Amino acid sequence: MKTIKKIFLGGVLLISILLMASCSLKEQILDTVTASSVQADSTLLQNIVYTPVSQLPIMGEWFDMWGLQEMCTDEAMWPTRGTDWYDGGAWQQIYTLSTNPQHVQINNAWNHMSNALTYCNTASAALLTAKTSPALLQRYTGMVDFMRTYYEYVMYDLWRIFPYRDPKNADFSVPPTFYSGTAGFNFLVSNAKKAYSEMISRDDAPYGEPNKDAALMLLAKLYLNKGVYTGTANYDSCLYYVNQIIATGHYALANDYFAMFLPNNASRYKAADDEAILVGVNDDSRNHGFDWNNVWVQPCFHYNQTFNGNYPSNWNGGATTPFYLRNTWYSGTDTAQDVRWKDNRFYSTTGVYIGFNNGLQHDGQGNVIKTRGGAPLNYTDTISLTSSPENFGVRILKYYPRLTGVTPYRINNSWIIWRYADVLLMKAECLARSTTQQDLAGAMALVNQIRAKRNAPLVSATTQAAVLNKIYIERGLELYWEGFRRDDRIRFGTFLNARTDFPGTTNTNDYIYPIPQSAIDGSNGALHQNPGY
Amino acid sequence: MFLLALFVATTAFSQQKVTLSLKNVTVKTALEALKAQSGLSYWINANDVDMQKVISVNLKSTTVDDALKAILQGQDVRYQLSGDHIVISKATQDVDPKEKKVATSGEMRKITGKVTDLVSGEALPGVSVIVEGTTRGTITDLNGIFSLEVPSENSVLTFSFMGYASQQIKVGQQTHINIKLAEATKNLSEVVVVGYGIQKKSDVTGAVSTVSDKDFNKLAAATPSEMIQGKIAGVQIISNSGEPGAGSQITIRGMSSIRAGSQPLYVVDGVPLDEGNTSPAGGNSYNSTPTDPLAFINPNDIASIDILKDASAAAIYGSRGANGVVIITTKKGKKGVSEVTYSTSLSIGNIRKKLSVLSADQWRQQRDALLGYNTTTNLDPNDYHANTNWQDEVFRTAFSQDHNLTFTGGSETTQYRASLNYTDDQGILKKSDMKKYIGSLNLTQKALNNKVTFNAVLNASEIVQNRLPLGTTGYQGDALINALQANPTWPAYNANGTPFQIGSANNLSPVAMIYYTNDLTRETDVLGDISANVAFTNYLSYKVNLALDYMNSNRMIDQDQKLDYEISNGGAGQRNSREMYNYLIEHTLNFDKTFGVNHLTVLGGYSYQNFQIRDAYVTGQGYITDALLYTNNIGSGNPTMTSISSDADSYQLQSYFGRVNYSLKDRYLLTATVRADGSSKFGTNHQYGVFPSFAGGWRLSEEPFIKKLNFFDNLKLRFGWGETGNSEIGTHNSQTLYTPTPVASAVVGGQTITGLIISKTPNPNITWEKTQSTDAGLEFAILGGRLMGDFDYFYKQTTDLLLAIPSQAVSPTSFVVSNIPNAKIDNYGVELSLTGKAIQTKDFSWEISGNMTLPKNIVKNLPVQMYQTGAAVGQGLSNAYCEIITSNQPIDVLYGKKITNIDSQGVVHYLQTKSGIDSLTYLGNPSPNFIWSLTNTFRYKNWDLNIFINGVSGNKIFNNTAVLLDKTNINTSHNTLSYFAYDNVATATYTPTVSSRYMMNGAYARLSNVTLGYTFHLKNTTYIKNLRVYVNGSNLIVITSYKGFDPDVTASAPFGGNGVNSFGIDNGNYPKPRTFMLGISATF
């Protein structure tokens, strides 16, 4: 009996010792995919290589890149409205060029770009080991290189510095290389050229995939602003690249100005009067996790303007300034004729125009919209940065939302990053500014080519200064709220000037934004704050 | 040798038969065996009996008397039965207390007297009376009378008795000495639960506090954490809200982590629980206040809650011990006790304090004055002509009830306890309630000649909770905020009885929100735990423990399409579910042996625990009819508006641990602990961590030189050092992982190509946070235990802080989770608890106990300038924050603009920088620097009265609710707080911002709990053994200058994506009710 007990107890002890033999602790991955599974499945390649393209619509987000390009100018102001929109002074700071390294939107924009560059690097790394046809490999490589250079250019434009990490090195604790100044400019140019050589032609490209024309436009944009970026202008090179774009014959000025921005504008791809060179495509049949807020309905329109109930919760925020209206629209064109001012094709349905909305506001049934206080809602030219009532400020709606079959706040208008009218205006500017190929008459012809198309009265100018002024006004009329105003005002020397509720400054440090403090904190001393911050 | 045995027998004692067959065992072991069989415990006068003497006995069906004789054969001792104790002490010449000895010398003096219980006044038989320094002594008789001769008037008599505090009396001139013995302070006799075992309180070297069931706060539908709120020094417990089922934030010795969480580890009957929230998340407009992770336990089943506060105690839980450990032990069946107990309570709850907002008439006056309306020519279009007090419309008197049925019983080999609980807890806000059904069974079975003990615990519960839309402060979404800011001129209801709405999504009626929302959560929990303890020898045992903890929770939220906010969506339905389980395998070996004056206990163990969590979310919108609950047919809406998602997570923990307790002469105590934890969460470079601790104790009161002072009943010094970890760092931080995600999906050629991205910046070096803590403690008891206390100094430093630091550019995420070796959080302070028995007479007693903590907290060497946290919510406050974490400041220091003056125009001026910009500055510490509580217990005959007061001071609260109710609301036809409406700030120019205007003093003193009870002594009835009736009031009075509902606030307002904790923000929290309760408990 005792022996049996001893055997039993010994057995228990033995089993327990065996159980104690340690298990290996391996992290179970349940809802994500390991790197090795990704490498093993070649069908996943295109899911990776197109991710950089997915971030293009961010360029039009009002609180992100777009805000940093527009809200610091006369075109857009997000005024404080009573208790609304103060937001720690964020919008006022952008408008008055008084941001700081803690600024949330600047921080977000930097992080978005860093993130987008990671998508590019992840894609490049996947292409290094990809087993696919050489042609496809080259096409993808070109596209990814273009996207990387594009996002680097966006950072360079805002901060004059951008990080580069070799895609071959996946160790994120290794510091990146930072490029700035002329070296940065040259880096961008050479990579854009390399991308151009590898990318596919627009003739072969599906809608939404950047093609060779986008690389040309990137080069043109770089050279257009080279004087601002490096201190040495080179308008002839810009002229070379815009001429190349024009020479492709892919583009013509749109016959219907607002049709470019309407829902399902993807259907205009390769139409005879297609202007879009680079687009960020939105797809409202799917939930993208967050819904793109491209300068549209929600952040600008009044709480009680619901677009037939499609937009039940608007925020009554941004508007444009009287300074801009006066100097660009009221003196620069005829708002009664110019098709770009306002369009009533949906007015009878919603009570909201495409383009500029001012005066008494109605709903689709013609009833006057009331403010929250109960007064009739009357949008005025007047606006005050620090204290605007609900009705102050003319509202702009360039990208009209879809009105039937809508999922609220989701849109299917592609955000146009670059388009042909800009190319023509860039050419006009180069012709006016070039010292070797100056052609003031040619420049004015291009301006009037656009004005004729937009049903605006033609204009004339003969001196270089006057021609440049006409080009500047025309850019304000044609490209308003498309995200170029900051660059334009810097290039035309008006950026620091007084405008509505901004007294003007002489501080050229304000041309660029402060580098986010978190980026400096995270750089282990490699990154230094921009001067003046 | 001569043996004298005095035996005072009771019938039961003499008739009980025992069987003992023991060979070569110590007297101690033999007595333990006898104790186990007879159910009689023994008490031995120190050093009188040689417990290590090796004996052999072979007894069959002998009486206890004979068994004792056999065991103690050859020792000069006597024994006596007293109650259910056998008292064993050295035999003296005074064999018979009544026998008069002839004085052998002129110096001998005869002393007589009586020993009684201090409280009851009843005679105490069997008390040992010994003349110090001699072998003289006696034992009191059945009437408590003693008589003995002492050598001189300098003689000192020591009276000692099991369960009572010893007393020493100098004889002096007295010849008759009556002594009242007080029951021993529970601290001296009680055991505390330490990790993987229990210890006598007197042997504990770490900072461990115990609250047993009789000291729990009595509350209607209490949660375990509420039951010990304020009871333990160094432990701050704040209820997340007054909502039924809400959890609490427990902070033990300060917040020691920025990111990894500050909640302690919960261990229920040896099973460490997962830290995850059991309630599935709601959408952004639904209540997401965390629910209580311990809700599945029936509070009536809890025997004790032990808190391991310092690292020397918590190191046995290694990488999970840094925030302290809360050990919950449930009740077990007892041998020989067969009882059925039914208890019930009924309670009524009400809002303690409503906020003063403008009445409709006051509101009209303000509107007219500000916006120029009048009653004749310029009518206010937003005046709807009613006069509604919205708080009255949403609050209600809540009726709750609680029923408990317990039966327990046990034989020699089998003991059981089973309980059933039904709780219906109504909230004071309409449509919030919780019903709980809990069944539990605890079964102990001995087998193989008592060598093996099996224990099984099964706890199953069903929790059904209704919630209302809360917790999303801001413009929409929060019914409580809307009840405060709703236009008071709206009617609450239309003529047809439906809630009135104005037809704007931006001006919601709180009544409509509640009326048109259904939010039901049904949660099922099962905790099963089975263990087998094998005693190989009397000093070596092995235990295996297997446990499974399973939770499944389903949440169904319906927002009716009639709600203004939902009209355009066509209503919304959400079904969210969460499934969590973990299983545990644990082996421990225990060695426990005494070698002379040395006592050694060694524990070694291995444990493996595997955790799994799975969530699924389905949302539908666009329904054509509300004639059915959307969630019952969620696919019947608009298919393009449906969204689905799910996630799954898993981690494992494998650990080896050991502990050595050594005591020398019961005076010098040493404890060493080590645990090696491996976690799958940690990076491959640091998968295992070792957490050691050392502690020493010195029981000064056992030293002769202290005994001589005849002052201390207990005096112990403790010192401990240890290192623990915090592994609440999330999973999958170390690997490069790809996630398919719609956010990165490109649309190319009309096709949407799902993006595959690296979702986290990997950090293969990631590891636990380390907390080193040092504790020095002093425990004392004096005046026969009438005054006793604990004093502790602690210093706790957390290093290797786990922070989301900005990643270096070109990285998948803007933050990378990393350990920063130099970044530190220091928590230090003192804790003091005192218990005094002010009055102790037969009929009346008064006991006061109190505790206080003076904590300090400071953050050092952060790698970034600051972390912004504490998202401020409200119109115009996007991206605003109210707290920061920065070096050389307390964690979560309040931060914002400071008002310098308000000028005659009512313009608010803030502190500015030299360049004239409003500057941001520190505005206070959200953590108190003084936490205290005071309990008074009175007893008069059968009546008892308990009064519990607690409070904090030194902290500030960011009153975000006040921001949402500031006077600028008049512009937008919302309501405002009265104290803002009439202050001197000009409404026209003022813009609410995070400023000192909303930083309010959070100090308070609260009359938390008053209980008055009456116990019927029903000795003569056969059926009811015990009957108690009590009334209780809780949260009765709060003295505070704080202007919100309640100064007890927690924050759940992390800012941005950095996952940094925040604290002390009033976000319109569900107010704690004031409740009155009537309770009855009957034992049959």
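This is a predicted model: local features need pLDDT of at least 70, side-chain atom pairs count only at pLDDT 80 or more; totals for chains, interfaces and linings use all residues.

You have an open sheet of three strands, ordered E1(A)-E35(B)-E36(B), with antiparallel pairing. Strand E1 (33–34) of chain A and strand E36 (751–758) of chain B are the edges, each pairing on one side only.

Stay with strand E35 (residues 737–748) of chain B, which pairs with E36(B) over seven bridges in the antiparallel sense. Two pairs to click on: Thr739(B) stands opposite Ile757(B) in E36(B), and Val748(B) has Gln751(B) in E36(B) as its bridge partner. At the turn of this hairpin, two residues sit between the strands, and Gly749(B) takes a positive phi near 60 degrees. Is E35(B) mostly covered or mostly uncovered? Mostly covered: nine of its twelve residues are buried.

Select Val340(B), Tyr342(B), Leu405(B), Phe407(B), Tyr416(B), Leu420(B), Leu441(B), Leu443(B), Leu458(B), Val526(B) and Phe1084(B), which make a nonpolar surface patch of about 860 Å². Colour by element and you'll find that strands E22 (339–351), E23 (398–410), E24 (414–426) and E25 (433–447) of chain B each give two or more residues to the patch. Leu420(B), for one, is in strand E24 of chain B.

Time to go inside. The largest nonpolar core has 168 residues, and those with the most contacts inside it are Trp78(A), Trp110(A), Phe146(A), Tyr150(A), Tyr151(A), Trp159(A) and Trp418(A). Show helix H8 (residues 134–159) of chain A here, as it gives this core its largest share, 13 residues. Centre on Phe146(A): beyond its neighbours within four places in sequence, its contacts are Ala195(A), Met199(A), Pro210(A), Ala214(A), Ala215(A), Leu218(A), Leu278(A) and Trp418(A). Apart from this core lies another, of 60 residues, including Ala486(B), Ala492(B), Cys882(B) and Ile884(B).

Last stop: Thr371(A), in the loop between strand E7 (359–360) and strand E8 (378–379) of chain A. Why does Thr371(A) count as buried? Because its relative accessibility is 13%, and the cut-off for buried is under 20%. To see its surroundings, show His302(A), Asn304(A), Pro376(A), Leu377(A) and Glu390(A), which Thr371(A) contacts when neighbours within four places in sequence are left aside.

Note on methods
Residues are numbered from 1 along each chain as its sequence is written. Chains are lettered from A and ligands numbered from 1 in the order in which they are written. Side-chain values use heavy atoms; hydrogens and water are left out. Two strands pair if DSSP finds at least two bridges between them. Helices (H or I, at least four residues) and strands (E, at least two) are DSSP runs, numbered from the N terminus. Patches are made of residues with over 30% relative accessible area and no salt bridge: like charges are joined within 9 Å, nonpolar side chains (Val, Leu, Ile, Met, Phe, Trp, Tyr) within 5 Å. Accessible areas come from the Shrake-Rupley method with a 1.4 Å probe; for residues, only the protein chains shown count as cover. A salt bridge is a side-chain nitrogen of Lys or Arg within 4 Å of a carboxyl oxygen of Asp or Glu. A nonpolar core is a set of buried Ala, Val, Leu, Ile, Met, Phe, Trp, Tyr and Cys residues joined through side-chain atoms within 4.5 Å. Buried means under 20% relative accessible area, exposed over 50%, partly exposed in between (1.4 Å probe, protein chains only). Contact means heavy atoms within 4.5 Å.
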